[in-house]
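I opened this entry to keep track of what I looked up, one topic at a time.

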Amino acid sequence: MTSRRALLPATAALALALSGCGALTSDSTSGSEGSETVVAGLYPLQYVAQRVAGDAFEVENLTQPGGEPHDLELGIGQTAALSDAALLVYVDSLQPAVDEAAEEVSGTEVLDAATVVDLIPFEDEHSDEEHEGEDEDDHSGHDHGELDPHFWLDPLRMADLGDAVAERLAEIDPDEADSFEERAAELRSDLETLDGEYTEGLAGCEIRTVVTNHDAFGYLEGYDLELASINGFSPDAEPTPAALAELQDLIEDTGITTVFSESLVSPQAAEVLAADAGVDTAVLDTIEGLTDDTADEDYLSLMRSNLAALQEANRC
């Protein structure tokens, strides 16, 4: 969805996209003052912003459906939308291009989810050995730092972001402050219900360990699960033979029935590991973005699909 208010004349947009080190600024006729657009770095942030903003703001996603958010490169359209937005919602250290834009943008309010949500650290077990076979560019492109940015796998942390978005939008549009607060409260209620479903639904699992393609599901450990990943931080890294052998031993020792791949990256690594270990494969959605297959879904339905997949695989 593209807002007509977010479009700059083609010449101005091209200049912005090619400006390199220059700040992202709006022209005099379409500045972010009075803008009715909120821009989000990826789908879960868009979902929260849409739920809270209602009809007061149009919410655009910088990551196109089916795109891998980590690899996002900002084109002319995204640059124009950013420069004309009232608010950018992103999470630091997940999308390098958005991190850079957040530092350069002028006249647009910026909300970094990492500053309002309690992020957890990545497990110390992810060492440099996991990245053998990656070239330096691939590794740096997925360098999330010490804290795990995939907080949206925890519904209660998503609710915290909703409260923060409501507060920031109220500063931008005080006349709608009560509406933003009400919608954030409705969102929190839905997310607390979802959290309860996860707590109850995973309480009786016979198997407590989950093997995934990459380290994007760590927040599920809040439901008394243990997560292990094939590729560590990077979804498209090449796992080492030693790491694969260790995971095969883990699968045998814990009785794991399923290795999970993801919707936005190749399932090859998961399929190879599952075949070698003699177990099944299934998909856990990182909910980083929608695809053609999930275009009619939303955050809540995708989280419930993940819950059903976990219950089946872990005999809950």
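I am working with a predicted model. I began with an open sheet of four strands, whose order is β6-β5-β7-β8 and whose pairing is parallel. I asked which strands stand at the edges. They are β6 (226-229) and β8 (280-283); each has a single partner strand, so one side of each lacks a neighbour in the sheet. From one strand to the next the twist averages 35 degrees. I then looked at β7 (residues 258-261), which is joined to β8 by four bridges. In that pairing I found Ser-261 opposite Val-283 of β8.

**Helices on the sheet.** I noted that helix α8 (residues 241-254) packs on the sheet and touches β5 (209-212), β6 and β7. The direction of α8 makes about 150 degrees with that of β5. Helix α9 (residues 268-277) lies across β5, β7 and β8, and I read its angle to β7 as about 170 degrees.

**Helix pair.** Next I took α7 and α10, whose axes come within 10 Å and cross at roughly 5 degrees. Among the residues making the contact, I listed Leu-191, Leu-194 and Tyr-198 of α7, and Met-303, Asn-306 and Leu-310 of α10. By class, this contact has eight nonpolar, four polar and three charged residues.

**Asn-306.** Is Asn-306 buried or exposed? Its relative accessible area is 4%, and under 20% counts as buried, so I wrote it down as buried. Leaving out residues up to four places away in sequence, Asn-306 touches Leu-153, Tyr-198, Leu-284, Asp-285 and Ile-287. I also looked up Val-283, which is 23 residues from Asn-306 along the chain; their C-alpha atoms are 8.1 Å apart.

**Helix α4.** In α4 (residues 96-104) I found buried residues including Val-98, Asp-99 and Glu-104. Their cover includes α3 (76-83), β3 (87-90) and β4 (109-112).

**Aromatic rings.** My search of the whole structure gave five aromatic pairs. One of them is Phe-57 with Phe-180, a tilted pair with 6.2 Å between centres and 40 degrees between planes. Phe-57 is in the loop between α2 (43-53) and β2 (58-61) and Phe-180 is in helix α7 (residues 177-201), so the pair ties together parts 123 residues apart in sequence. I found both Phe-57 and Phe-180 buried. Elsewhere, I noted a cluster of Tyr-43, Tyr-47 and Tyr-299, linked by ring pairs.

Methods: Residues numbered from 1 in each chain as written. Predicted model: local features only at pLDDT ≥ 70, side-chain atom pairs only at ≥ 80, totals over all residues. Heavy atoms only, no water. Buried < 20%, exposed > 50% of the residue type's maximum accessible area, 1.4 Å probe, protein only. Contact = heavy atoms within 4.5 Å. Helix = DSSP H or I, 4+ residues; strand = E, 2+ residues; numbered from the N terminus. Phe/Tyr/Trp six-rings, centres within 6.5 Å; stacked < 30°, edge-to-face > 60°. Axes fitted to C-alpha atoms, helices over the stretch in contact; angles between N-to-C directions. Nonpolar A, V, L, I, M, F, W, Y, C, P; charged D, E, K, R; others polar. Pairing = 2+ DSSP bridges.
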